[in-house]
Amino acid sequence: MAVEPVVYGASERPPRGDYSRAGADYTCPQDYASYTPADHATYRRLYERQAALLPGRACDAFIAALPSLGVKDRIPHFDEINQRLYQATRWEIVTVPGLIPEVPFFSLLANRKFPVTDWIRKPEEFDYIVEPDVFHDLFGHVPLLFDPVFADHMQAYGKGGLKAHGLGACELLSRLYWYTVEFGLIRQKDGFRAYGAGILSSPGELQHAIASPEPQRLPLDIERVMRTRYKIDSYQQTYFVIDSFQELFDKTAPDFTPVYARVKTLDELSAAPAAA
Ligand code: HBI
Ligand code: FE
């Protein structure tokens, strides 16, 4: 059954994926036969460049789990990753044609299924792509699904997303996802490290997030996150820092119904650090 593609915001670009492949839950088989040698080479080059930047910048749990993705010289078969992932945390990855609407996205997470886009960027987009592709989804997101506490947090987030949808609060909860799952930092004994997939899949953002003096790095504060706008087309100006995945789980576990109500009465905040 064909479903509607998803485009975020007002966009002139046609949606990238082929949504005629997707079922009612927006999943489809991984179209492995359509990958060209050039596609596999793109994955290999992205993987090599990013892996070299991880020491001293990515959190320990991510570095420890990265080899669980398996082959790095070509795009992996998702089925093969699933054998290890399911054993580790009872999560599995499913294939999607690209961005999917919020309700099916949250439903998959609530059922411990992480949607991974199967197509890969073109060589001319090597350094930057707006939409998630297989490199962002797999390399950025999947390693931490091997961490038991982070894995449980992702499922709880999916359940919270379904609830937020019923309350008209998806935009507020999306900010939480943005500033944690996509762009979160964690404090280790040896300094700030990245755990967010948007950081870990981008060479420029990874160096910016850890070493630049420009952005502010604030302790994770749920209300503040929900009030803070974000930009999708530049490096972040604000990062929120956790001390452990248990902190992330605990701070996102409560029923946010009263938080949404309060935040809706408060002004939005800019991500830009206040002028000194
Ligand atoms: N779809 N494939 C895919 N990947 C995402 O990360 C994603 C999505 N749809 C919705 C969505 N993210 C957002 O609602 C998040 O901000 C929660
Ligand atoms: Fe992502």
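**Exercise 1.** How many of the 13 residues of helix 7 are buried, and what does that say about how the rest of the structure encloses it?

*Solution.* Keep in mind that this is a predicted model. Start by going along helix 7 and picking out residues under 20% relative accessible area. You'll collect Cys 170, Leu 172, Leu 173, Ser 174, Arg 175, Leu 176, Tyr 177, Trp 178, Tyr 179, Thr 180, Val 181 and Glu 182. That makes twelve of the 13, so helix 7 is largely enclosed by the rest of the structure.

**Exercise 2.** Work out what covers the buried residues of helix 6, then look at both ends of this helix.

*Solution.* First, the geometry: helix 6 runs over residues 148-166 and spans 28 Å from first C-alpha to last, close to the expected 27 Å. Next, list its buried residues: Phe 150, Ala 151, His 153, Met 154, Gln 155, Tyr 157, Gly 158, Gly 161 and Ala 164. Now see what lies over them: the cover includes helices 3, 4, 7, 11 and 12, along with strand 2 (113-117). Finally, check the ends. At the start, a side-chain oxygen of Asp 147 comes to within 3.1 Å of the backbone nitrogen of Val 149. Just past the other end, Gly 168 adopts a positive phi of about 65°.

**Exercise 3.** Are Cys 28 and Cys 170 buried or exposed, and how many disulfides does the structure hold?

*Solution.* Take the accessibilities one by one. Cys 28 has a relative accessible area of 11%, so it's buried. Cys 170 comes in at 10%, so that one counts as buried too. As for disulfides, the tally is zero.

Note on methods
Residues numbered from 1 in each chain as written. Chains lettered and ligands numbered in written order. Predicted model: local features only at pLDDT ≥ 70, side-chain atom pairs only at ≥ 80, totals over all residues. Heavy atoms only, no water. Helix = DSSP H or I, 4+ residues; strand = E, 2+ residues; numbered from the N terminus. Expected span 1.5 Å × (residues − 1). Buried < 20%, exposed > 50% of the residue type's maximum accessible area, 1.4 Å probe, protein only. Contact = heavy atoms within 4.5 Å. Polar contact = N/O pair within 3.5 Å; in protein donor to acceptor, adjacent residues only side chain to side chain. Disulfide = S-S within 2.5 Å.
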